[in-house]
Every structure is written in structure tokens, then in C-alpha cells.
Amino acid sequence: MSEWTETARRALEAYCARSRVALAGTGADANEVIEDLRRHVEEELRHAKLSVVTEEDVRRVLARVGEPPAAREQPPSPDNANQTSAGRTAAEKIRPGWIVFVLGVVLPVATLFFELISGMSAGVLFDPLPSWLHVALIALVPVANFFVWRAARHKDARPARLLGWLNGVALGIAWFYALLYLPFSPIAAIGLIWFGLGLIPLAPLIAVAVTTWLRAIYRERTACSRIPGAWGGCVAGFGLLVLLQLPAALTHYGLAKATDEADAVRQRGIRVLRTFGDEEMLLRACYRSLIREADFDLVAQLAGGKRWIKPEEAREVYYRVTGRPFNSVPAPSLYTRFGRWTELENEFTWDDALGGEAVAGRVKGLSMLSSRMDAITEPDAALTYCEWTMEFKNVSSQAREARAQIALPPGGVVSRLTLWVNGEEREAAFGGRAQVRQAYQSVAVVQRRDPVLVTTCGPDRVLMQCFPVPADGGLMKVRLGITAPLALESAERGRFVWPRFLERNFRIGDEFKHSLWIESPLPLTSSDPAATSLRSSTNTYSIRLSPSEASLFNSPAHVVVQRSADAETVVTAADENGRVIRQTIRTATMNPPGRVVFVFDGSAGLRAHAADIAAGLVDLPSETEVAALVAEREGVTVLLPAQKASAKVLEDLRQRLRRVNCAGGQDNLPALEAGWDLAAASTNGVLLWIHAPQPVLLSNGDGLRQRFERSASPPRFLELPVTSGPDRIVEKLDGLPVDHVPRWGELRDDLTALIAQLTGKQARFTFVREQVPAASGTGSGATASKHLERLWAKEEVHRLTKTRQREEATKLAAKEQLVTPVTGAVVLETMQQFAQHGLTPVDASTVPVVPEPGTWTLLAVGVLAFGLRRVLARNRAGKKRRC
């Protein structure tokens, strides 16, 4: 039904009055004629389908009907003329001008674009534009104000219904943001008066006033009795933003509950975040190291109960919700996803983990500039030496610390550390773990000079940190030397895995390529099909490849090294005490374990690998018991109680494993402790932990470590990661006999091969390294380099530590220049700094290089001696037979 304006009603009534005067004395029924005339006018207007009938619409219809004869001849009365003139004058006085246009249209548009470009509010207060839908709704306010402003200036009442609803929705949007910015409005007003800043928080309040005023003026100028959409539109606009804000509110609510002291409340908060939480908000909470005295986010205050969430708490919650480390994804912009102020972002992004023992979050402006790995193999000794040279660049305005957790090749040990200072190479000092860390923190954090530190953080992994990487484009270059044995798959073939980052606080671009090179006197094969194989004129073989960081992280590249099956024993050159290190390669077949206990990680990271794991659970002997536990949010779930293995039992285990609901990040320690007790209750027990990355220690690991340290015959503990990443549980067990299972290919194949080794169905190659007098070692095999002595020393340090001879272990590791659980390596800037901390840098002539001095000569002599020995042995055997 059409709505009539007041002026339209008056125009029709005036026409009817004139018609009644003209019909007087004609004998016609004036009432009947006027009623017919009224129906005619209303019918025509109804057919025109007008939502609002204005005075102009009525006059247009009456013009076709014609004026009454008497009315045409009557001049307008002075009173009517005066009234019309007075109305016109009043209307002109309240006509909206350009000030209203600036406040209602220009200011909201300018504020919106300023926030999109700068993200100032998102960095200082809260993010008002978390999505493009929010941007569109805020843009609706100046658009609605513009159309109402224009219609009011022209007294156009025809779109009154549409403009009424638009104005109502805009008013609801303006009220919503005015309430969000209300806590900060007084400060913004002061800032606007004294500094000219603060329009962003005040713009919604100004929009509320201007939008309300425009509605009133439009109604007066068009003489509409009622404009629809005031309450309905306001509720619609406000309600839509409330719905859009629900994920943020639920995220604040979930964060507050997930960090509560009560376990039941924490579980409820985690469930809320997994279902409704905003992952980017969680990530921003992980990096909120800029602590504010007051929090002006009204939604956070109402939903989160004014509870401040520490970054450490948020990082734990992020893992429990997503199952991923927070620093495995790029750090969020400090201000907003749409834009940033780079200078301010770099200036005010603090690194609260400086000098600590955690990699922590990504820092702004720090990136890897270059990465080069050079490796050389000794096939007879079944070992490889690799040097990883890396360079960092810092474009921020603050000095930064580069930190990374590095996965070493299986059984590897860091045997060299070099830092470039003013273009010169400086070698490290090796000393006690606490001693080198104290030296690093004193020089790096306090004096802010040029040190680099490397310490272990679990089996086959180290933590590297260097500070400061100079600001404003400064560079820092370091080199790690790694000695590692080959992982033998047969007497003729061994594998070498390239080291890689497990965790880092610097950026590596998507287009970045590592430069890898390896050389051997015997043929090489790479697992990367893009690798280039070369053969030099001196009959040495080499491989060159350039993998991306994602490729190296997700699919660890390895090289297959060919070797002579006859090279079972090698010895080093005699030391100053007349002793050598002898290595013998032995083939062993393990006795089947009495019980195998599988502990499965119930985190989300295992979900994609459940089918592969199930496929790899095959071929357990019938005399072996099997049990399976799952780490889930309820604690420990017994997937399969201990019972004799059979085809039916294994099939049942596979089916149950496929039904496990992997979600978020789970605490694996209770399940590992229960699994340990199960495995230890059987003779020759094995505990196999299959897990995703463990970036957070959700409970105390002392109970598991105590079991290792106090058990006379602990079960064998193996950990098999499904993907690369940090592992705080393994770090907690640093220095204990935890066997890391390397990944060579598909998970099912690696698991099948592991079970075959454990059950004695596949031979296992072991290295027996021992220190013997030179006389007993001479002539027993080919000659190996000093790297063999380093591998022996690594094992000896572990033995000494296990027997509580920590001081002797520290001295041996420092003498052999190794980074072990009891020692570390540090490079300081000056000799005075070394002396102040009781350290002595190693002699540059004693460090290994690629190729190490004399390596190729020793190899050639060793091969020649080994061949000559075999010829002489055959000759003596032939003479005996002839005799």
C-alpha cells in the first residue's frame, strides 16, 4: 500500500474543496462527485505503483482531470501565498549543506581507507576490519548518507522507503562501532584537540550524529509523515555485525577458558576454540609481546573477562587447538591483514626470547640470505662430513638474533663451528654446556657483540643461535661442521641424510633454494630426481642439487653412497699416546621382543597418516605380545590391551587405529609413561612412539626421565615422527638412550622395515668403535680420518655420562671438539672475551674441512694398503695349498 505525504493529502483536499464550491448551485450531488473524483485519483496512483505519493504525483493526476471552472478564475488568496512562501523559506533554511556532506560522507570514507592502508587501529586497539564483509558494511554508511543528503537537498520523497531502510542500517552499523570505540573515545578526543589525532575512534560517533540528523531533515523537507526502516534497519545492521563478531567474541571467551586453572574449564575452552575460534586471532595472541597498560578492546573485555593472555599461554593453546607449532606459519602482520606500517612494525616488534633456549616466534625483518652445504664421504669408514654455511640478513631497525633447531643426520655430531667477524673466520671454543651458554648470554645479550652458540636439544638435533644480526640490512655468516655415520642398508650401500631446519625464527622465501653438493670416491645416487650427477677427471663422483626449503623440510633428501662390502674394519692414525680407533661393521639379527607397545599421538597431525601407519603394522611374531595406547584429550586410551600377536589381532588394531579421532594437539607424556610401564613389564620390551611434532610440553616430563635414569634394564625406546618439526618431549630426554627412527620414504615402508628389524626378520648393521693400542690395530683394515675418532668420542661421552662421570665426559668432548648433551660450542668476538669466561678457541689447523687436510691422501693410501694386503693374503694361501 502506498504511503501519502502530508503535502500530497493537502493538495488533494484543496482540489476537492475547490470542486465542492464549483458544484454548488448546479443541482449535482457534490459529495457523490467528489467521492468519485477521489476514487479516480487513488486508482491512478495505485496503478502507478508508487511506494510514496508526493504532492507532485497528485498534481500530475489532477492536471489530467482538470481544474473546476470556478477555481481556475480565482486568484490565490494572500494567506495561502504567505503560507507557501513561509514554508519555502523554512525549507531553504534547513537544507543540508557541505559541512554535513564532509562529516557524513567524506570523513567515513577517509577513515575507512586510512585504516585499510595503515592498520593503525588494529595495531593499537583492535582490528575493526577482520574481513572484507566488514569493509563493505562500513562503506555502506557514507553511501547511505550521500543518497539521503542528495534527496533531502532536492526534496525528493519518491525513494523515501528505500532511503529509510538504508539510513536505518547505516545507523545500526555506526552505533555498533561507536560502542566498540567507546572506551577509547575520551582519550581520542584529547588526542584530537592537542595533537590532531584520534579521528578513527571518533568517526563512528560523528557518523551516528550525522546519520540521525539527516533522517530528520529528510523527513521535514519532504513532509513525509513517516519514513520506514528506523528501528528495523538499525537492528538489522547492528545484528549483522554482532553475528560477524561472534567468532572473535568466542575466540576471546575460549582463550580465557583454555588458560583457566581448572582442567574441565580448559577442556571446554579448547572445544569452543576448535569449533568456533578464529585461527588468525589465536596466532596474533601468540605474538602479543607488546604488553599494554590498558586493553581497549570492548569485545575482549566482555567475552574474555578482562583476562590478559600471555604469549606463552596463547602458544600452548594454539597447539592444542590446531595441532601445529605456532611458528610453523608466517607471523601475522603487527597491525592488520590489509596493510601495515613497516617501520613501526619493525620498531615495535620485540623478541622476548633473546638469549634463551627456545626458538620462539618469527621476528620481523630477519631472513636467510644464502644456504650452502658441502659434504664429503669416506665409504670404507661409512661416514660423511658436511659443512653447512648460512648467511642471515636483517632489514629491520633493530639488531636481531637468528635461532633455529636443526635436525642432524642420524648419529651425527657437530664437530666444527665458525663465525665470520669483519670478514675473518673465527673458530669456536668447546666447553661445558652451562659455561658456553653463560658466555653467549654475557656477550650477546649484555654486551650485544658478535657470538654464536650451538647446543644439543635432543637426539640428532641441535639449537643454533647467533646475535646480533646487524640492523638496516646487516649480514651475519656462520658455518656448522657435522660428522655423521652412514645408515647402512646393506654392506654395499649406505645412506646420508642432509641436515635441515626443524624450527626457525627467521623467514625463508618461497623461491629460496639451498645449494647442496656431495663428493665421494665411489658412485652416488640421490633421492631427489632433480639432482645433477657428475664425475671428475680424478674419478671422484659428486652430486649437486638445489631443493627449496619446503622440499627439504617435508621430504628429507638423502644420498645413497656405494661402498665396498669387504671394508668391514677401518682404523685411524695413531695418536700421541700410540692408540688408534678401530671400527668394525657387524651384522646382527635381533631377537624378537617379548612385547611391543605402540603409543600413537592423537593430535591432528597424525590424521593424514593413520592409513599409512595401519598399513605398516604387519608381520609381528606370534610369540611377541602387542599393546597399543593413544594420547587423547581424555588422557590415555587403551586401543589394544597386551596380548599375543596374530593376524586377527593386528587387523583389529588396524581397524581401531583408523577410527581414532585425531584432533588438535594432545599431551603425549601420560601415554608414554603408561607405555613405558607396559614395555618394562616384559623381557626385552620395546616402546615405539609414532607422533606428530610436539612444539609444547603440556605436562612435566620428569616422570619419564626418572624411569630412564632409575631403570637397570630399560625397554628400548624408539620415536618415529610422521613429519618434521620440533619435539619438546625428545628435548626433555636429551642425553638419554632414545632412538630416533629416520625417515627415508613412505611412512608405511619405513614402519614395515623397522618392525622387520625389531623382530629379527631383517639384518641390522652396527658399528663397533673402540680405542686400542696401535700395535693391535695396525694392519686390521683401511685407514680412516679423524672423523672416526670423533664418532667414537661421541659414543664414549654417552657412556661416561650414563655412568655419572660427567666431568670426564665434558673433558673428552671438549678435547675432541664436539657438541654433546654435556658440552656446547661458542664463538666470541675477541680473545679477551674467551679468556674472561675460561674458554680457549680451537686451533684453526685442527678443525675439519671439506676436504679435510690429508683426507684424499689417506683414502688413497688406505685403499692401496687394503688392496696390497688382500693380494699378499691370497699369495700366502696359494703357497700353502701348493705345499
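User: Before we start, what makes a helix crossing left-handed?
Analyst: A crossing is left-handed if the near helix is turned anticlockwise from the far one by less than a right angle. Keep in mind that this is a predicted model.

User: Fine. Which handedness does the crossing of α27 and α28 have?
Analyst: The crossing of α27 and α28 is left-handed.

User: Where are those two helices, and at what angle do they cross?
Analyst: Helix α27 covers residues 786-802 and helix α28 covers residues 806-815. Their axes come within 8 Å and cross at roughly 165°.

User: Parallel or antiparallel, then?
Analyst: Roughly antiparallel. Angles over 145 degrees count as that, so α27 is roughly antiparallel to α28.

User: Which residues meet there?
Analyst: From α27, the residues are E789, W792, A793, E796, V797, L800 and T801. They meet R806, E808, A809, L812, A813 and K815 of α28.

User: How does that contact split by class?
Analyst: Between α27 and α28 there are seven nonpolar, one polar and five charged residues.

User: Zooming out. How many helices and strands does the chain have?
Analyst: There are 30 helices and 30 strands in the chain.

User: And what share of the residues is buried?
Analyst: Of the 883 residues in the chain, 51% are buried.

User: What about the accessible surface?
Analyst: The chain exposes about 40100 Å² of accessible surface. Carbon and sulfur atoms hold 56% of that.

User: How much of the contact set links residues 24 or more positions apart?
Analyst: Such pairs make up 77% of the chain's contacts with a separation of 6 or more.

User: What is phi like at D472?
Analyst: Positive, about 55°, although D472 is not a glycine. D472 lies in the loop between β10 and β11, the latter being 474-485.

User: Is D472 buried or exposed?
Analyst: Exposed. Its relative accessibility is 63%, and the cut-off for exposed is over 50%.

User: Where is N684, and what is its phi?
Analyst: N684 is in the loop between α22 (669-680) and β25 (685-691). Phi of N684 is near 55°, which is positive in a residue other than glycine.

User: Why does N684 count as partly exposed?
Analyst: Because its relative accessibility is 41%.

Key:
Residues are numbered from 1 along each chain as its sequence is written. This is a predicted model: local features need pLDDT of at least 70, side-chain atom pairs count only at pLDDT 80 or more; totals for chains, interfaces and linings use all residues. Side-chain values use heavy atoms; hydrogens and water are left out. Axes are lines fitted to C-alpha atoms, for helices over the stretch in contact, and angles run from 0 to 180 degrees between N-to-C directions. Helices (H or I, at least four residues) and strands (E, at least two) are DSSP runs, numbered from the N terminus. Angles under 35 degrees count as roughly parallel, over 145 as roughly antiparallel, 65 to 115 as roughly perpendicular and the rest as oblique. Contact means heavy atoms within 4.5 Å. Ala, Val, Leu, Ile, Met, Phe, Trp, Tyr, Cys and Pro count as nonpolar, Asp, Glu, Lys and Arg as charged, and the others, Gly among them, as polar. Buried means under 20% relative accessible area, exposed over 50%, partly exposed in between (1.4 Å probe, protein chains only). Accessible areas come from the Shrake-Rupley method with a 1.4 Å probe; for residues, only the protein chains shown count as cover.
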